[in-house]
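Here is a short briefing on one protein chain. Keep the sequence and the 3D view open while reading.

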Amino acid sequence: MARKAKAPRRRRNTGVKLLNIAEGLVQANIVTETLMDTSALEFVLGDTGIGNMVSGSGISLIEIARRPELLSTIGARAMIPGNVINIAVKSAVANFGFRFARRAVSRPIRLINKQLRMLNLGVTL
């Protein structure tokens with residue numbers, strides 16, 4: 001006897017989660033500050049001069065495109081055990097902090113997400 005076909009599962013589109021974006025930005029900052037002496041936004045924007053976000057002594061994407069030899073500098077910094085340990089410890093602490101914060105403020109986040117879903121923006125916390 002043939003099996004009865006199951007109805008396809010339906011999932012709600014979760015959209016963009018702002019806390020995940022914030023956590024990603026913190027993790028990117030940890031790496032770029034350690035290896036390139038600049039923040040993640042300054043790394044991406046480079047010397048555009050938007051406000052006070054000028055790369056200065058750090059390495060940006062534009063500088064890497066102009067001078068590919070900077071990749072060897074980044075690689076050399078990444079091979080220093082102290083830098084790798086620094087990145088690992090900071091990343092673990094940031095990850096733990098975000099997990100703890102999500103649990104600590106889960107009820108207010110749920111209430112805010114309920115309001116945001118009614119606006120139909122595709123963004124949640």
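**The buried side of H5**

Helix H5 has five residues to look at first: Asn83, Ile87, Ser91, Ala94 and Phe98 are its buried residues. They pack against H1 and helix H4 (70–78). The model is predicted. An α-helix has 3.6 residues a turn, so residues three or four places apart point the same way.

**Overall layout**

- The protein chain holds six helices and two strands.
- Read from the N terminus, the order of elements is β-α-α-α-α-α-α-β.
- The chain has 125 residues, and 23% of them are buried.
- Take the contacts between residues at least 6 apart in sequence: 43% of these join residues at least 24 apart.

**H1 against H5**

- Helix H1 covers residues 18–36, and helix H5 covers residues 81–104.
- Their axes come within 10 Å and cross at roughly 165°.
- Angles over 145 degrees count as roughly antiparallel, and H1 and H5 are therefore roughly antiparallel to each other.
- The crossing of H1 past H5 is right-handed.
- On the H1 side, the contact is made by Leu19, Asn20, Ala22, Glu23, Val26, Gln27, Ile30, Val31, Thr34 and Leu35.
- On the H5 side, the contact is made by Asn83, Asn86, Ile87, Lys90, Ser91, Ala94, Asn95, Phe98 and Arg102.
- By class, this contact of H1 with H5 has nine nonpolar, seven polar and three charged residues.

- Is Ala88 buried or partly exposed? Its relative accessible area is 46%, so Ala88 is partly exposed.
- Ala88 and Ile30 are 58 residues apart in sequence, yet their C-alpha atoms are 9.2 Å apart in space.
- Ile30 is one of the H1 residues in the contact with H5.

- Most residues other than glycine have a negative phi.
- Asp37 is not a glycine, but its phi is positive, at about 55°.
- Where is Asp37 found? Asp37 sits in the loop between H1 and helix H2 (40–45).
- The relative accessibility of Asp37 is 44%, so this residue counts as partly exposed.
- Asn120 is not a glycine either, and its phi is positive, at about 60°.
- The loop that holds Asn120 runs between H6 and strand S2 (123–124).
- Asn120 has 70% relative accessibility, so this residue counts as exposed.

- Helix H6 (residues 106–119) contains Arg110.
- Why does Arg110 count as exposed? Exposed means over 50% relative accessible area, and Arg110 counts as exposed because its relative accessibility is 52%.
- Arg110 and Thr124 are 14 residues apart along the chain, and their C-alpha atoms are separated by 9.2 Å.
- Strand S2 (123–124) lies beyond the loop that holds Asn120.

Terms used
Residues numbered from 1 in each chain as written. Predicted model: local features only at pLDDT ≥ 70, side-chain atom pairs only at ≥ 80, totals over all residues. Heavy atoms only, no water. Axes fitted to C-alpha atoms, helices over the stretch in contact; angles between N-to-C directions. Helix = DSSP H or I, 4+ residues; strand = E, 2+ residues; numbered from the N terminus. Parallel < 35°, antiparallel > 145°, perpendicular 65-115°, else oblique. Left-handed = near helix turned anticlockwise from the far one by under 90°. Contact = heavy atoms within 4.5 Å. Nonpolar A, V, L, I, M, F, W, Y, C, P; charged D, E, K, R; others polar. Buried < 20%, exposed > 50% of the residue type's maximum accessible area, 1.4 Å probe, protein only.
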